[in-house]
Amino acid sequence: MSDDPFGQSIASLANWIPADEPATGQRAALHRLAAAMRTVAEALTDMQADEADLLAAAEAMEQFGARLEGTRTGHRPWGFAESAPAGDARAMFDRSPVIGLGNPVAPPLRMEIDGDRIIGRASFGAQYEGPPGHVHGGIIAAAFDEVLGMAQARTGRPGMTGTLTIRYRRPTPLHTEVVFEARVDRVEGRKIFAAGTLHAGETLCAEAEGIFISVDFSQLRRA
């Protein structure tokens, strides 16, 4: 796997498109560890563990963290960190903070292609709380940026976010599967206009509009 994805064309990154089979080996272990860390993060927001248990857990985590630090070799990417440069919902996004199965801060948001739409599904736990019992607005914005980003990337001229406008219609509940939808409205030169919605069941929770600016990612990498 190349350490310099932006120096290549998107078409040459086929090795970053995982097979349809489940992850195996080191990658499967990474997904399992990240899932366990999400469980810990969720539990820490609503727990009654005593001081001794918390200190023991902290010591174990510190020791394991030190072991992981000893394995680092610099910035070795596990696929794409966001969907815009990929243009394919099946690409490897293990380290994405929004959709990465290998990133414990990700909910994660699961995306799929449905005709000319991108569908994203997630259930946000208590670690993403803003208003009591509901998802933080900044988390919703990040998810919209990812879903709209995938939609615009499928034009074949992927870009980066220029502006992102969110209209919050209703609070988005925690611990409930919510559905994001995104599509491209139009393309004007280097500008790609995308729009999306967020629903919890039949309830419209938020709407978004984004303008993405098509860029040459190889030039971005060299900047």
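This is a predicted model: local features need pLDDT of at least 70, side-chain atom pairs count only at pLDDT 80 or more; totals for chains, interfaces and linings use all residues.
Q: How many residues does helix α3 have, and what span is expected at 1.5 Å a residue?

A: An α-helix has 3.6 residues a turn, so residues three or four places apart point the same way. In this model, helix α3 covers residues 137–153, which makes 17 residues, and from its first C-alpha to its last it reaches 24 Å, close to the 24 Å expected at 1.5 Å a residue.

Q: Which residues of α3 are buried, and what covers them?

A: A residue is called buried when its relative accessible area is under 20%. In α3, 12 of the 17 residues are buried, so the helix is largely enclosed by the rest of the structure. Among the buried residues are Ile140, Phe144, Val147, Leu148 and Met150, and Glu146 and Gln152 are buried as well. What covers the buried residues of α3 includes the strands β1 (110–114), β2 (117–123), β3 (159–168), β4 (177–188), β5 (191–200) and β6 (203–214).

Q: In what order do the strands of the open sheet lie, and is the pairing parallel or antiparallel?

A: Strands of a sheet pair through backbone hydrogen bonds, either parallel or antiparallel. Here the open sheet has six strands in the order β1-β2-β4-β5-β6-β3, with antiparallel pairing. Its edge strands are β1 and β3, each of which pairs on one side only, and neighbouring strands are turned by 20° against each other on average, direction ignored.

Q: How many bridges join β2 to β4, and which residue of β4 is the bridge partner of alanine 122?

A: Six bridges join these two strands, β2 and β4, which run antiparallel, and the partner of alanine 122 is valine 178 in β4.

Q: Which parts does the salt bridge between arginine 169 and glutamate 207 tie together?

A: The closest N and O atoms of arginine 169 and glutamate 207 are 2.7 Å apart. Because arginine 169 lies in the loop between β3 and β4 while glutamate 207 lies in strand β6, the pair ties together parts that are 38 residues apart in sequence. Arginine 169 counts as partly exposed, at 42% relative accessibility.

Q: What other salt bridges are there, and how many is the count in total?

A: The count comes to 11 salt bridges. One of them joins aspartate 185 to arginine 183, with the closest N and O atoms 3.7 Å apart; aspartate 185 is partly exposed at 44% relative accessibility, and arginine 183 is partly exposed at 39%. Elsewhere, salt bridges that share partners join Arg167, Arg169, Glu207 and Glu209 into one network. The side chains of arginine 72 and glutamate 69 also meet in a salt bridge, at 3.2 Å from N to O, where arginine 72 is exposed with a relative accessible area of 58% and glutamate 69 is partly exposed with 49%.

Technical notes: Residues are numbered from 1 along each chain as its sequence is written. Side-chain values use heavy atoms; hydrogens and water are left out. Helices (H or I, at least four residues) and strands (E, at least two) are DSSP runs, numbered from the N terminus. The expected span of a helix is 1.5 Å times one less than its number of residues. Buried means under 20% relative accessible area, exposed over 50%, partly exposed in between (1.4 Å probe, protein chains only). Contact means heavy atoms within 4.5 Å. Two strands pair if DSSP finds at least two bridges between them. Axes are lines fitted to C-alpha atoms, for helices over the stretch in contact, and angles run from 0 to 180 degrees between N-to-C directions. A salt bridge is a side-chain nitrogen of Lys or Arg within 4 Å of a carboxyl oxygen of Asp or Glu.
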